[in-house]
Amino acid sequence: MDFNFSEEQTMIRDSLARLIREKYDFDTRRGVVNSDAGWRPEMWAQFAELGLLMAPFSEEDGGLGGGAVDAMVVMEEFGKGLVVEPYVPCVVCAGGALKHAGSEAQKQEYLSAIMSGEKVFAFAYAEPRGRYDLADLETTATKSGAGYTLNGHKAVVIGAPWASHLLVSARTAGSRREPNGISLFIVDKSASGVVTRDYPTVDGRRASEVHFENVSVPAEAVVGEVDGALPLIERVADEATAALCAEACGTMGVAHKMTVEYSQQRKQFGTPIGKFQVLQHRMVDMFMEHEQSISMTYMATLKLDEPETERKKAVSAAKVRIGQAGRFVGQEAIQIHGGMGMTEELAVGHYFKRMTMIDHEFGNVDHHLKRYTALSAEELPAAAE
Amino acid sequence: MNLEFSPEEVAFRKEVRQFIADNYPRDFIGDGARDDLSREQFLAWHKILGEKGWSVPSWPVEYGGTGWTPTQKYIWSEENARADTIMPLPFGVSMVGPVIYTFGNDEQKARHLPGIRSGDVWWCQGYSEPGAGSDLASLKTTAVRDGDHYIVNGQKTWTTLAQHADWGFFLVRTDPDAAKPQEGISFLLIDMNSPGIEVKPIITIDGGHEVNETWLTDVRVPVENLIGEENKGWTYAKFLLAHERSGIAGVARSKRGVEKLKEIASTELLDGEPLIRDEDFSRKVSQLEIDLSALEFTELRTLAGEAQGKGPGPESSILKVKGTEIQQRLTELTMEAVGNYAAPYFRGFPQAGSNEYPIGPDYAHAAAPTYFNMRKTSIYGGSNEIQRNIISKMILGL
């Protein structure tokens with residue numbers, strides 16, 4: 001057992017932390033979030049230059065030879081800085097799908113471009129009526145000549161306004177919610193029939209509703225197995241979930257630190273409120289939640305390559321714990337900041353909002369507690385009688 | 001970063017598992033309630049481990065420790081939990097032992113360490129008093145110097161298993177006029193057979209006799225039984241409490257407890273189906289398992305830090321708080337799982353050899369008493385509120 005970071009990982013962490021400190025302070029971020037674009041392509045280019053976009057990929061694929069732990073390191077730092085750029089959808093999800101199941105030609109064309117920052121992907125997996133069920137799909141891809149025609153509506157596609165390409169799940173066979181009959185497609189966002197409606201999210205990012213109106217894609221656009229993409233989608237979603245857990249750890253840590261510092265400065269009844277035991281114990285509880293979140297993030301990240309059931313249980317356990325921790329730390333941070341915590345001006349509220357939305361991405365606490373329980377039930381000996 | 005065990009560690013686990021299977025005296029100790037065991041039953045495994053050289057793994061090798069890595073110690077405790085062993089009690093092995101080899105003189109080490117290792121000498125802890133619980137430094141038991149002796153007077157309480165003890169380590173006040181209450185305290189080793197010591201049972205809410213009141217009236221203690229310097233006892237006491245906190249998480253035991261809970265809940269029925277398949281109940285079990293996993297990996301991170309020479313710091317307070325919360329929730333759920341048969345009370349009630357039919361399943365008998373008993377865990381060893389004070393002060397700097 002080893003919980004140490006490699007030299008490369010430490011280097012990534014240090015250089016990214018420096019970049020965020022110097023170019024991603026809270027006021028700068030506020031300006032970016034409120035700008036028309038809502039992100040900084042030049043910052044994405046800097047991430048590429050630092051090697052962040054190629055960190056989790058093997059050397060054969062043209063990456064730096066890292067893996068999920070490298071993505072974890074990046075996302076924890078992103079969480080500390082409330083970075084809005086789409087690392088999870090583009091690098092972890094689309095990059096991950098290509099890494100696991102992409103053809104050589106697809107890797108050449110798309111994975112290299114993701115690593116260099118030239119192409120930006122968003123992951124269009126959710127639908128308006130599907131909630132967190134990755135198989136609950138009404139979007140269809142019907143065979144037409146050598147390729148497919150896509151029709152349907154994808155919901156809250158994070159980062160889509162900034163994307164050049166979309167990774168889209170659609171039904172090629174079977175009925176709604178059936179595990180079989182799902183395929184994954186690469187779609188150029190400028191293709192005819194792709195209609196998007198862009199909007200900001202409550203936590204400072206951008207997303208789109210994406211409509212496919214008879215969009216033609218060639219057969220080479222399919223990633224992985226036709227009709228059999230669900231296991232791949234689940235794997236990528238688990239990797240994304242672990243990355244979000246890491247982001248939540250970074251976010252929680254900062255919110256906690258801000259709260260402790262605020263409690264040492266803010267005076268009431270003639271004394272810093274941090275001297276009150278009732279608040280001290282709550283800040284200790286926040287600390288314990290944060291520490292346990294780090295532990296769960298390590299656990300889930302290190303189990304991403306385990307067999308399916310073990311991987312899913314580990315990721316769900318982490319997402320449950322971190323969803324609960326994030327809610328607790330966020331709510332307490334606002335409460336202890338008092339009225340100031342309610343203001344748009346202070347950073348702490350923005351950390352609260354990001355933690356809140358992380359719970360909603362790729363399945364909330366209830367969803368993952370249910371998935372964990374169902375997987376545990378499968379492991380029980382069959383009922384007697 | 002990785003979670004793999006090395007081939008050496010895998011081999012070590014195999015060796016340990018085999019040793020426990022071959023040597024643990026299960027027939028002699030039985031599977032009864034812990035505090036109903038006799039002195040000999042309590043010490044049986046300790047003595048076997050003493051002969052093997054495994055009774056004090058965490059001690060420095062020069063004093064009889066095994067030199068195991070933190071991972072090996074983790075494997076050792078996992079395997080013992082898996083086999084439901086009655087481990088050596090902490091009072092000698094993890095409490096006074098480390099104080100003696102760290103602060104004691106050569107004579108004290110030579111006299112006391114062998115008996116702790118072998119399990120021949122039973123130790124108890126004389127810390128708390130009726131008026132000094134969480135505020136331990138307010139203790140009033142006095143030791144007054146009289147030639148080559150201290151004369152000790154006072155009352156200690158919650159003295160765990162003192163009914164079996166040969167020796168006790170006591171915090172006593174040697175300077176009543178010290179500027180701070182912490183500064184007038186000394187750390188004394190006292191022979192429990194000394195005239196003037198009286199041990200009276202306290203029966204706890206589970207019906208067990210685990211703790212005692214210990215009265216000391218003009219007890220003559222030779223000065224050679226003073227550890228370190230007079231009036232510096234608080235330093236040694238704090239050192240001991242830090243040791244007590246590490247390992248207090250009880251992860252391996254709780255993991256075993258979850259397995260047992262699942263077995264029980266697979267047997268118990270609700271609406272004709274196994275209770276474990278009930279949506280509400282199974283989610284409570286899931287939440288418990290998830291929280292236990294968070295604790296386990298927090299402990300592993302702490303162990304990894306220790307392997308790199310970072311001693312158990314104030315972070316170990318997290319392990320105490322979360323570990324005891326989980327132990328309590330586990331016993332609570334186990335009692336819930338048992339249902340109606342949580343009610344019958346059997347302690348001291350003749351069952352063995354009785355011709356009557358048994359009442360309820362075997363696993364039900366201890367469920368409620370264990371739940372009652374485990375409420376102690378968030379109170380002892382520095383209550384969970386005191387642990388929060390420690391984190392607040394030492395880590396958050398508040």
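Which element gives the largest share of the lining of the largest cavity?

Tutor: That share comes from α5(B), with three residues. First, the ground rules. This is a predicted model, in which local features need pLDDT of at least 70, side-chain atom pairs count only at pLDDT 80 or more, and totals for chains, interfaces and linings use all residues. Residues are numbered from 1 along each chain as its sequence is written, chains are lettered from A and ligands numbered from 1 in the order in which they are written, and side-chain values use heavy atoms, without hydrogens and water.

Now the space itself. A cavity is a set of points, on a 1 Å grid over the protein atoms alone, where a 1.4 Å probe fits but cannot get out. Points are joined across faces, edges and corners, and volume is the space filled by probe spheres set on them. The structure holds three cavities of 30 Å³ or more.

Lining residues have an atom within 4 Å of a point. Among them are B:L43, B:H46, B:F91, B:G92, B:V93 and B:W122. At least two residues each come from α3 (39-52) and α5 (90-103) of chain B. These helices are DSSP runs (H or I, at least four residues), numbered from the N terminus.

What classes make up this lining? Eight residues are nonpolar, two are polar and none is charged. Here Ala, Val, Leu, Ile, Met, Phe, Trp, Tyr, Cys and Pro count as nonpolar, Asp, Glu, Lys and Arg as charged, and the others, Gly among them, as polar.

Key:
1 Å grid on protein atoms, 1.4 Å probe; cavity = no way out; pocket = protein on both sides within 12 Å on 5 of 7 lines; lining within 4 Å.
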